[in-house]
Structures are given as C-alpha cells and as structure tokens.
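Have the sequence and the coordinates open as you read.

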Amino acid sequence: QARALLRDPALGLVVLDELTYPLKYGWLDIAEVLTDLATRPAGQHVVITGRGAPEALCEAADTLTQMADIRHAFRAGIKAQRGIDL
C-alpha cells in the first residue's frame, strides 16, 4: 500500500509512520524501499518516523531529525493520554 502511495503523483505528502522498525528487523528490504523513495514523483515529500533508522536510509534523507525525551508527564505520574501517547 505504501508503494502505491509513493507512485501517486496526486499526493504531495506521504507519511510512513514507524517505517524504521520493519527496516531494522529485516521485514522490509532496504534496497527496495530506497528505490521506491528515489523513483517517487517529483515534488512529493515523504516523512519517515521511528528510531534506529538504517544508515542507508539516513544517507538518502534530505532532512534528518533526532528527538530526545527531556521531560515527560508520565514521570510526574500522569498516565498515557489517548491521542497523545497512544
């Protein structure tokens, strides 16, 4: 399904949430994913989320952001909130 989205020229933004995990565990072939990303329509933006992205994906990225937990409400006793944490 993601491959179909990456081929659709009508889509300006595709978000592949947590894609790094199937790559990390070898459930998806990184070479195929990189080919799909490289051959997407011109001007289509792709956001890939998740920790531990493979080096090859990091090298192919135009923008790379690393987020760090500085403070979280959970440590103050606030339970996970629907729509925020789950």
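## The core

Which residues make up the largest nonpolar core? Leu6, Val14, Leu16, Leu19, Leu23, Val33, Leu37 and Leu57 do, eight residues in all. A nonpolar core here is a set of buried Ala, Val, Leu, Ile, Met, Phe, Trp, Tyr and Cys residues joined through side-chain atoms within 4.5 Å. Two or more of the core residues come from strand 1 (13-16), and helix 3 also gives two or more. Helices (H or I, at least four residues) and strands (E, at least two) are DSSP runs, numbered from the N terminus. Val33, one of the core residues, is in contact with Leu19, Leu23 and Leu28, leaving aside neighbours within four places in sequence; contact means heavy atoms within 4.5 Å.

A word on ground rules: this is a predicted model, where local features need pLDDT of at least 70 and side-chain atom pairs count only at pLDDT 80 or more, while totals for chains, interfaces and linings use all residues. Residues are numbered from 1 along each chain as its sequence is written, and side-chain values use heavy atoms, with hydrogens and water left out.

Beyond residues up to four places away in sequence, Asp36 touches Arg3, Leu6 and Arg7.

Leu13 sits in strand 1 and has a relative accessibility of 51%, so Leu13 counts as exposed. Setting aside neighbours within four places in sequence, Leu13 is in contact with His45 and Val47. Ala38 is 25 residues from Leu13 along the chain, and their C-alpha atoms are separated by 15 Å.

## A loop residue and a ring pair

Glu18 belongs to the loop between strand 1 and helix 2 (20-24). Its phi is near 65°, a positive value in a residue other than glycine. Glu18 is partly exposed, at 36% relative accessibility.

How many aromatic pairs does a search of the whole structure find? It finds one. The ring centres of Tyr25 and Trp27 are 5.3 Å apart and the planes are at 35°, so this pair is tilted. For the cut-offs, rings of Phe, Tyr and Trp (its six-membered ring) pair if their centres lie within 6.5 Å; planes under 30 degrees apart are stacked, over 60 edge-to-face, and the rest tilted. Trp27 is exposed, with a relative accessible area of 64%.

## The pockets

The largest pocket has a volume of about 1,200 Å³. On a 1 Å grid over the protein atoms alone, a pocket is an open set of points where a 1.4 Å probe fits, with protein on both sides within 12 Å along at least five of seven lines; lining residues have an atom within 4 Å of a point. There are 29 lining residues, and Ile48, Thr49, Thr63, Leu64 and Thr65 lie nearest the centre. Strand 2 gives the most to this lining, with four residues.

The second largest pocket has a volume of about 200 Å³. Its lining includes Leu6, Leu16, Leu19, Val33 and Asp36. Helix 1 (2-6) and helix 3 each supply at least two residues of that lining.

Key:
Buried < 20%, exposed > 50% of the residue type's maximum accessible area, 1.4 Å probe, protein only. Points joined across faces, edges and corners; volume = space filled by probe spheres on them.
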